[in-house]
Amino acid sequence: MKYLILHIGFLLFCYAANAQRAGVVQNAAEASEAANAIIDGILGTVPGIISGGNAAGDFPPLSAGECAPDFNESSNSRMSYQCAPESECQNCFTNANDKMNFFRRQLARLNCIYQNTKNFTTSAVAFGDGASGVHAMTAIAWQRERAKINASFQNLKKTYDTRYIEFIQGLKASLMEFDGCENRYGQGDWYQKSGFIYFEMMKERYKRND
Amino acid sequence: MKLIQILLITFFCTCNVMAQPFTLNKNVKPVLLNLIPYTAKDTILNGKKNTTDVVQVEDTSYYYVKGLSIYQPVVLNISSTDVNNKMIIQIAKDNWKTPDKIGSLNSKGIWQATFKTEGSFGIQVIAPKKTIKYKIVVWVGNEPKKINMPSPFKEATAAPSKAPAAPKTPPKTRTTSKSKSKKQ
């Protein structure tokens, strides 16, 4: 019991020490109407936030070198399709389209996570290499830290490759749904004629090449 | 369901990669600004928030926000009732030493930034005098279910070939990429 009290006391001490270091009086994690009113007021001053549908598209990336999703494709890889507006085929195409766009979005985000982490790692290693000679931290200690950073990045590469396969397979499945729609309502062999080129382009575009 | 699993896996992968800007200084111990759900009057502004009141007694304070997606809009607002407060605000992505945004309070005692970023970002507040008081407000919008992206389709150029199954309602006209893109 005594040890438990001591342990809790120590934890409270650590918490108090951290709070003192930061000087944080109140980290308002509770929902309060006053806080909401403040946020309502702030958001009211942000132009286009509602008209933009709450999407971050018009907001600039925080860092100048930060990756932002780019969905533009060359006209050569664009696909053809046939489905008149207001016709029955629309349901079929809409479902396939939503799935395809989901995987386009995930692939773009995955790529950005990778590129940003690569930038972070490169920047951190360069900074550490430059500073280790003059910083209090010894060169040996930095080498250990450096190895951890690099190991973490290597781990990310494996994760990227796994997710890449999942998302690419998802993209192909959605294109095959399109193929089914086209076979039913439009041109036969759509995937071989049109979808295949787009799929190959996307496969190459998001394949890790380092 | 599988889509949700994929989203969750991606999210967890991101969180462990880089939680805060890099530093070799072991004395830099940033405070995490926890995001909690925020329900707005206009549902389009629903998202997450953090409001933190600070009395800073040290030269420099460090904070960070994590768990962000590049598809979420972020509004960061720092304000003080002391309009003579000359504190310097630095926002950093990769390294505390190389801030991506630097600012100070305006004549109304407010500094605000809007941006999008993946993962996390750090906030550094440098005080010109011993004790300063200020409020940090972070709002992060929900990731929209659909985002605007260009259509990967163009107008069909070949005549329809033999379809395996006859369409119930044959398309009367060919559509253009413009009409398709409306759905996105």
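Residues are numbered from 1 along each chain as its sequence is written, and chains are lettered from A, with ligands numbered from 1, in the order in which they are written.

Let me begin with confidence, where pLDDT is the predictor's confidence in each residue, on a scale from 0 to 100. Chain A has an average pLDDT of 79, with 76% of the residues scoring at least 70. In residues 1–25 of chain A the pLDDT is below 50, and this stretch makes 16 contacts in the model beyond near neighbours in sequence; by contact I mean two residues whose C-beta atoms, placed from the backbone, lie within 7 Å. For chain B the mean pLDDT is 77, and 74% of its residues reach 70 or more. Residues 1–17 of chain B have a pLDDT below 50, with 14 contacts beyond near neighbours in sequence, and residues 157–184 of chain B are also below 50, with 55 such contacts. Where pLDDT is low, the predicted coordinates should not be read in detail. For the complex, the predictor gives an ipTM of 0.75 and a pTM of 0.76.

Now the chains themselves, described by helices (DSSP runs of H or I, at least four residues) and strands (runs of E, at least two), numbered from the N terminus. Chain A contains five helices and two strands, arranged from the N terminus on as α-β-α-β-α-α-α. Of its 210 residues, 29% are buried, where buried means that 20 or more other C-beta atoms lie within 10 Å of the residue's own, exposed means 12 or fewer, and partly exposed is in between, with C-beta atoms placed from the backbone. Chain B, by contrast, has two helices and 11 strands, and 39% of its 184 residues count as buried. If we take the contacts in chain B between residues at least 6 apart in sequence, 78% of them join residues at least 24 apart.

How are the strands of chain B put together? Two strands are said to pair if DSSP finds at least two bridges between them. One open sheet in chain B has five strands in the order β1-β4-β9-β6-β7, with mixed pairing. Its edges are β1 (31–32) and β7 (101–104) of chain B, each with a single partner strand, so one side of each is left without a neighbour in the sheet. Within this order, β6 (residues 88–92) and β9 (residues 119–126) of chain B run antiparallel and are joined by five bridges, with B:Ile88 opposite B:Ile126 in β9(B).

Which residues have the most contacts inside the largest nonpolar core? They are B:Ile136, B:Val138 and B:Trp139, in a core of 35 residues; such a core is a set of buried Ala, Val, Leu, Ile, Met, Phe, Trp, Tyr and Cys residues joined through C-beta atoms within 7 Å. At least two residues each come from α2 (33–44) of chain A and from β4 (60–68), β5, β6, β9 and β10 of chain B, and β10(B) gives the most, with seven residues. Another core, of 30 residues, lies apart from this one and includes A:Phe93, A:Tyr114, A:Tyr160 and A:Phe178.

Finally, please find B:Trp139, which sits in strand β10 of chain B and is buried, with 27 other C-beta atoms within 10 Å. Leaving aside neighbours within four places in sequence, B:Trp139 has contacts in both chains, including A:Ile39, A:Ile42, A:Leu43, B:Tyr38 and B:Val75.

Key
This is a predicted model: local features need pLDDT of at least 70, side-chain atom pairs count only at pLDDT 80 or more; totals for chains, interfaces and linings use all residues.
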